[in-house]
Amino acid sequence: MVIGALLLWPLGQVVVMSFAKLGIRELRGDRPWPWVGLDNYTQILGDPFFWTVLRNTVLFAVANVVLTMVFGTLVGLLLNRLGRRMAGFVSGAVMLAWATPALTGAIVWKWLFDDTSGLVTWLLNELPDGLSETLFGRAQWTGYGWFNSPLTFFTVLTLIVVWHSFPFIAVSVLAGLKSVPAELYEAARVDGAGPWRVFWSLTFPLLRPVFGVLVVLSTIWDFKVFTQQFVLAGGTQDRSTFMLAIYSYAEAFSPPPKYGLGSAIAVILTLLLLVVTAVYVRMVLRQEDQ
C-alpha cells in the first residue's frame, strides 16, 4: 500500500497539473491554479515539433531495443558455454557496466568522444590518413564535434544506452538458459541440429516469456532515456535531438516555466508506455489460452 501510494500520488499530481496553466507563482501557491482543460494537450498535439520528437523517440527506442536484445542475448549464450570460473569473471565484468550510474557512465563516454582530448579522437587520428579517408571521409579528427549533428549524437547515445543496458539482458537470458534441461540440447545435437537451429527451434520457444518481459522492460527504459541525453547535449539547447523525456523537462523548467505543458507531455509518454505494456499482456494471455 505504501509503495502504491508513493507511485500513484506523484502520477496523480502530474495528471492534475496537465490540465492547468502553471508557472512558478501558481506552483508555490501564491496564485490559484487556472484550469485550462485539454488546452495543454491540444497545444502539444497540434505542434509539428511534438511529432518530430515522437518520431525521434520511437526510432531511438526501436533501434536500442533491437541492439540491446541481440547483444545481450549473444553475451548470455556465451556465458552459458563458459566454464564456471570464467563465466563468473565475465559476468562480474559485464555487470559493472549495468551497476555504473547513468550519470557517471554518460560523463565517461562524453570524455571518450571529446573533440580534442577524447580517446576515440586520439585513436582515429592514429589511423593512416589514407585508411581514415577511405573509411570515414576525413583524416583529421581533432575538433570534430560528435555531438553537433543529430546522426552522430544519436549514434553515441545509442552506444551509451546499449552498453549500460545489455548486461541485464545477458544475465536474464543466462538465468533462463540454466532452467532448460541439458537433455534437450543433447537430443538436438544427436539429431544433427546446428547452433542456429538449436536456438530458433529450442532455446527461443522455451525462453519466449523471458524475451517478452525483457523487450517490454527495454522499451520502457529506452523511451524514458533522459540523463545520458542531458549530459551529452549539455542541457536542453539542441532541440533537434529532443526525445519525449527531455522535451517534457525542457517545457516544464526552461524559462518561462510551463509546468502544465511539461506535465501533459509526461502523461502522453506514460500512456504510450501503458499501451506497450497492455499489448504485451494481451499477447501473454493469448498464448496461455492456446
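Here are some notes on the model, point by point.

1. Ground rules. This is a predicted model, where local features need pLDDT of at least 70, side-chain atom pairs count only at pLDDT 80 or more, and totals for chains, interfaces and linings use all residues. Residues are numbered from 1 along each chain as its sequence is written, and side-chain values use heavy atoms, with hydrogens and water left out.

2. Overall build. You'll find 15 helices and zero strands in the chain; both are DSSP runs numbered from the N terminus, helices being H or I with at least four residues and strands E with at least two. Along the principal axes, the C-alpha atoms fill a box of roughly 75 × 60 × 30 Å.

3. The chain has 290 residues, and 38% of them count as buried (under 20% relative accessible area, with exposed over 50% and partly exposed in between, using a 1.4 Å probe and protein chains only). Take the contacts (heavy atoms within 4.5 Å) between residues at least 6 apart in sequence: 63% join residues at least 24 apart.

4. Charges. There are 19 positive and 17 negative side chains, and the centres of the two sets lie 5 Å apart. Lys and Arg count as positive, Asp and Glu as negative, while His and the chain ends are not counted. Each charge is placed at NZ of Lys, CZ of Arg, CG of Asp or CD of Glu.

5. Aromatics. The structure holds 28 aromatic pairs (rings of Phe, Tyr and Trp, the last by its six-membered ring, with centres within 6.5 Å; planes under 30 degrees apart are stacked, over 60 edge-to-face, the rest tilted). One of them is Phe 113 with Trp 146, edge-to-face at 5.1 Å centre to centre and 75° between the planes. That pair links distant parts of the chain, 33 residues apart: Phe 113 is in the loop between H6 (102-112) and H7 (119-126), Trp 146 in the loop between H8 (129-136) and H9 (150-178). Both residues are buried. They also belong to one aromatic cluster with Trp 109, Trp 141, Tyr 144 and Trp 163.

6. A charge on a ring. Have a look at Arg 239, whose charged end sits over the ring of Phe 49, 4.2 Å from its centre. The criterion is NZ of Lys or CZ of Arg within 6 Å of the ring centre and within 35 degrees of the ring normal.

7. Gln 228. This residue is in helix H13 (residues 227-233) and counts as buried because its relative accessibility is 9%. Leaving out residues up to four places away in sequence, Gln 228 touches Ala 102, Ala 106, Leu 157, Ile 160 and Val 161.
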